[in-house]
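This report describes selected features of one protein model. Please look at the sequence and structure first.

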Amino acid sequence: CMFVLSSPISAAQSKADIAAMIKADVAEIVAGINAHDADRTTKFDAPDVIGMEAFNAPIMGANADKDGFAAAFKESPSWRVGMINETVDVAEAGDMAVYRSTYHEDSTTADGTPMTHKVSFLAGFKHDADGAWRMHWYVVCAQERSHKR
């Protein structure tokens, strides 16, 4: 799964405000994944984003991340994600945050069998010098093997 928050953070915003903004942007990313829209899915990526997922080489850079999502959408047209829970931990200085979530990843096999598995998602956000929040790294890790829904 990328992140430029919709509005710059002011000194008056609380950690709760920052967490809510990050959650809203991740919801937009999930909507992009479920719509199979690579631009929408990666619109909050920092230019130097690093994505790490089990059994794959790291993705280095926003363009590579967008290309990877576009290929995944083409390869698995039934792929969808559904949030289970999420947490955002904001640094005391208000300049960095870690987003953690668990979600279901659903798809259908070539023979039409619906499959699912649980996934952990961990992402690091920074309040960049231009005032925007962006995702600079993320890790995706399956918690279980895919099984029939």
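## An exposed loop residue

F55 is exposed, at 87% relative accessible area. Exposed means over 50% of that area, buried under 20%, and partly exposed in between (1.4 Å probe, protein chains only). F55 lies in the loop between β1 (45–53) and β2 (59–60). Helices (H or I, at least four residues) and strands (E, at least two) are DSSP runs, numbered from the N terminus. F55 is not a glycine, yet its phi is positive, near 70°.

## Basis of the model

The model is predicted: local features need pLDDT of at least 70, side-chain atom pairs count only at pLDDT 80 or more, and totals for chains, interfaces and linings use all residues. Residues are numbered from 1 along each chain as its sequence is written, and side-chain values use heavy atoms, leaving out hydrogens and water.

## Helix α3

The buried residues of α3 are D65, F69 and F73. They cover an arc of only 70° around the axis, so they sit on the same side of α3; the arc is that of the directions from the helix axis to the C-beta atoms. N63, D67, K74 and E75 are exposed on the other side of α3. The cover over the buried residues of α3 includes α1, α2, β1, β2 and β6.

## Contacts of Y99

Contact means heavy atoms within 4.5 Å. Leaving aside residues up to four places away in sequence, Y99 touches several residues, among them I22, M83, F121 and F125.
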